[in-house]
Amino acid sequence: MTAERLAAQREATLAGFAAALAATGEISEMLTTATREIAAAIDASQVTTALWSSDGKPRHHQMAPARFRPGRLRLGDWALDVVRHQLAASVVVLPGDEDTSLLTAPLDGTGSSAIAAEFPAGRPVGAEVRELFSVLTSHLAQVLAKARDYEQARAVALTLQHAILGPTELPHGFAARYTPAVPRSKSAATGTT
């Protein structure tokens, strides 16, 4: 393929990936969608993302296409743990179990998230696949950062809303209830019932 055709194909894949992520709501749904889309785009046998919480435990999101039947359910935590401490936007190729290859990348510069894609033994990870993986994971990192910022801002707003409430003791015979703002449901946003 020519360089121009590869670039056009990469741009089309990125546009589809961005559209799929835009249709998600929460971070968990976003990561599940991202793992599925990346697995399909780079034809990996398995893709796993992990987020580390403040207690140091990772939360995984995994996708293995139906045509691949991996013997294990999860890529080794060691690969994700190693790559999460790399510089942001770096892609690292690591050897996997049973002569497989792992293509890995951190999803931020803080060590709190990473992604790894596994390729079957004997299948080399070419420059085009590494480049596409880099583009997709860079986009995912940006979207993930925005989603985290939104969640943090929402938590602050809820705290402020609770803090500005009036007195909780009302005269006899009166009652009040306060409900903080919540995100609109998808049906309310689209006007369907």
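This is a predicted model: local features need pLDDT of at least 70, side-chain atom pairs count only at pLDDT 80 or more; totals for chains, interfaces and linings use all residues.
Let me start with helices α1 and α2, whose axes come within 9 Å of each other and cross at roughly 160°; the axes here are lines fitted to C-alpha atoms over the stretch in contact, and the angles run from 0 to 180 degrees between N-to-C directions. That makes α1 roughly antiparallel to α2, a label given to angles over 145 degrees, whereas angles under 35 count as roughly parallel, 65 to 115 as roughly perpendicular and the rest as oblique.

Residues are numbered from 1 along each chain as its sequence is written, and side-chain values use heavy atoms, with hydrogens and water left out.

Returning to α1 and α2, the contact, meaning heavy atoms within 4.5 Å, is made by Thr-13, Phe-17, Ala-20 and Leu-21 of α1 together with Met-30, Thr-33, Ala-34, Glu-37, Ile-38 and Ala-41 of α2.

Now to helix α4, residues 127-163, which packs with α1, residues 3-22, at an angle of about 30°, with the axes 10 Å apart. These two helices are therefore roughly parallel to each other. On the α1 side the contact includes Leu-6, Arg-10 and Phe-17, and on the α4 side Glu-128, Leu-132 and His-139 are among the residues taking part.

Helix α2, residues 27-42, also packs with α4, here at an angle of about 175° and with the axes 11 Å apart, and α2 and α4 are therefore roughly antiparallel. Residues of α2 including Ile-27, Leu-31 and Ile-42 meet residues of α4 that include Phe-133, Leu-144 and Arg-148.

Finally, a word on rings. A search of the whole structure finds zero aromatic pairs, where a pair needs the ring centres of Phe, Tyr or Trp (its six-membered ring) to lie within 6.5 Å. The charged end of Arg-84, however, sits over the ring of Trp-52, 4.1 Å from its centre, the criterion being CZ of Arg within 6 Å of the ring centre and within 35 degrees of the ring normal.

Definitions and conventions:
Helices (H or I, at least four residues) and strands (E, at least two) are DSSP runs, numbered from the N terminus. Rings of Phe, Tyr and Trp (its six-membered ring) pair if their centres lie within 6.5 Å; planes under 30 degrees apart count as stacked, over 60 as edge-to-face and the rest as tilted.
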